[in-house]
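Please look through the sequence and the model below before reading on.

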Amino acid sequence: MDLILVNLIDGLVTGLLLFMLSSGLTLIFSMMGVLNFAHASFYMLGAYFAYQISLALGFWVALLVAPPIVGVAGALVERYGLRRVHKFGHVPELIFTFGLALLIEEVVQFFWGKNQLPFEEPEILDFALFAISGNTIPAYKVFMIFISIAIFIGLLYILTKTRVGLIIQAALTHPNTVETLGHNVPLVFMGVFGVGTALAGVAGVIAGPVLGTFPGMAFLLGSIVFVTIVVGGLGSLPGALVASLLIGWITTFAASYNLEFADVLLAFGLERPADLSESMLADAWTLTLPQIGPILPYILMVLILVFRPYGLMGKRSV
Amino acid sequence: MNTVFKTTIGAAAGVAISAGAAFAAAHGPVKIAFIDPLSGPFATTGTNGLAEWNYAADVLVNSQGGVLGGKQIEIVPFDNKISPKESLIQLQVAIDQGIKYIAQGNSSGVANALTDAINKHNKRNPDNRVLFINYSAVDPALTNDKCNYWHFRFDANADIKMDALTDVMKRDEALKKVYLVGQDYSFGKAVAAAAVKNLGAKRPDVEIVGNELHPIGKVKDFTPYARKIMASGADAVITGNWGSDMVGLGKAIIGAGYKGQIYTYYAASNGITKTFGADGKGVINLVAEGAINPPASDRADAYVKGFEAKYPDHDITQARIANAMEMLAKAIDAAGTADDVAAVAAKLEGMEHESIWGGSVYIRPEDHQAIQDVHIQAHTDEGITNALDNSDFGLVKVSTVEMAALDSPTSCKMKRP
């Protein structure tokens, strides 16, 4: 029972981190109709920039400064890269972002090397806040939870209660109408792209010390972010939140419980063969839940696409 | 006419090239082909190894007057991108250049491919044989079922390391529960199997409370694994993880409030030592040959300091390279030739060598496995003479198993020339 509570907290941390990435991506996706393959690369840039800044000025300055830098970089990419490619259609855009992801990884390796960087959480948060039957919850994780929730509330407020948010929402669905009304839609797009990448940057800054700052970090998180926005529904912020939490909890619980598939096979009345190497189901007999944990979100995505192509809270089809 | 002419030219050129190669082999430096990843994701390990080989050749042999009364040793790097296929191509290139010695270490998959290819080559070309110096690939099969006369392993293999580790655990009365966790592939499985076998034999009272494999390079957050380890009440964790999987697992376990020991094979250097920093102190241990702290002698200390001065971005991560270099030079001198590798191999077999790192190294004739002291080393910042990763932290020897696994069995039945 205690372990369930601990896993709920761990899953919440993972889920909220995922949300910070997917919230930006889902807005960008519904706006341009194109997957931004480089989105997780901006997350990586956030971590690396923050590491470099924290060496000189400390973690808190890095948390404030690194995301805007990433956001500006993202906005410039939209203005001078994507917008030019846009007129050639979706496929060139896709290839552009894909190339960008590879480029960013190489650039990061060029400047910081291939080794994992010693990016640490700030000392003030480097203690165990509380413990549930021996399992300590680091203060830093609680800090991550609060930052993510604050960002969600802030985004929701801006999108639903302010004039800027109304224009963005309108531009997502009816760009031509909004343009006719005299708003600068390309500027809106650039802004959304910049804010989206800046959010990925925030995620990078706070995840870097926990999940590790190394050149493979973007690749590791990249694909799961796409799964999240498809499951949540394109363009839906609450959907992105629900899907992120769902996937965070699924992966955490799957890795936590060593359920064996042998038990399932036994329940079906099969008998465990004495010599596994001869059995056709040899892999199934030795498989455990943690081993297949990482693919569960993809199974979820397939199920969602089959039974609810709009996503959990989306309004239009993928 | 034209074709005949071309063929003649081609043949003449061919003769000239091979004559040139033979000439170089007889009069030039003694060349060692270094076939390891120098680009791609494992380039850090490869370039670090190359620096260690170059330094060992310069300091231990060339500046001491070389081999065979004045010949220098030259390390020739070949990039295999850690692919077995690419390695075989590079091996052929090296052989065509008249190189007689092949050094390789990263990935047992590559080593398995090379040892087969070299064995076949030597059978077919008895006049132009080459020798395989395996300085790091630890798959036990290489000195068991897959052994051959031309392969020499200077690292302690995975079974020997586990044997040494469990010897140390045997003495720890307080130890009650052990958790095994590793990457889901051949090496991770080999480590787990060796741990189960050795612990069962030496400490049947110790309970193995967890034995699991996680997807390699795919786990984003190791916290759930850390929770399971905490819940199991383990006193010790054994893992063969390397790279970011090692750092992720270690940091998660420490973050979850674990107070026991984590025994690892590869949790040092290449950024790992620096990343663990103060958090890893008193928790992270590493099983390996050749401890650099405390230095075994002034000579060893000077060797490490000299290396750090010459290559500030690299560390002495594979101490055995110094042993391999010295022993090979000794064998060449004893054989009186660098070209007849069968004679050199005969001198290497059964050789006992006073290691620069203290203790001695013995090449077991029956399987060509180097038998040497294996140390349990702790990650700490106390008593560090030679730190890693340009940090304050490094590894300090805490206990030693002398001549580990000297009488361990081997299934090797090698054919001698």
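In chain A, strand β1 (residues 128-132) pairs with strand β2 (residues 135-138) in the antiparallel sense, over four bridges; strands are DSSP runs of E with at least two residues, helices are runs of H or I with at least four, both numbered from the N terminus, and two strands pair if DSSP finds at least two bridges between them. Within this pairing, A:Ile132 has A:Asn135 of β2(A) as its bridge partner. Two residues lie between β1(A) and β2(A), which form a hairpin, and A:Ser133 in the turn has a positive phi of about 40°.

This is a predicted model, in which local features need pLDDT of at least 70 and side-chain atom pairs count only at pLDDT 80 or more, while totals for chains, interfaces and linings use all residues. Residues are numbered from 1 along each chain as its sequence is written, and chains are lettered from A and ligands numbered from 1 in the order in which they are written.

Chain A and chain B meet through 30 residues from chain A and 30 residues from chain B, where contact is defined as C-beta atoms, placed from the backbone, lying within 7 Å. On the side of chain A that touches chain B, the elements giving two or more residues include β1 and β2 of chain A, while α1(A) gives the most, with five residues.

Chain B is divided into domain 1 (3-156 + 300-371) and domain 2 (159-288 + 374-401), with bounds that come from an automatic or database domain assignment. The centres of these two domains of chain B, taken over C-alpha atoms, are separated by 31 Å, and ten residues of domain 1 are in contact with 14 residues of domain 2.

What, then, touches the most other members in the largest nonpolar core? Among the residues that do so, in a core of 133, are B:Ala33, B:Tyr101 and B:Ile253; such a core is a set of buried Ala, Val, Leu, Ile, Met, Phe, Trp, Tyr and Cys residues joined through C-beta atoms within 7 Å. Helix α11 (residues 320-335) of chain B gives the most to this core, with nine residues, and the core draws at least three residues from each of domain 1 and domain 2 of chain B.

By contrast, B:Val93 counts as partly exposed because it has 14 C-beta neighbours inside 10 Å; a residue is buried with 20 or more other C-beta atoms within 10 Å of its own, exposed with 12 or fewer, and partly exposed in between.

Terms used: Two residues are in contact if their C-beta atoms, placed from the backbone, lie within 7 Å.
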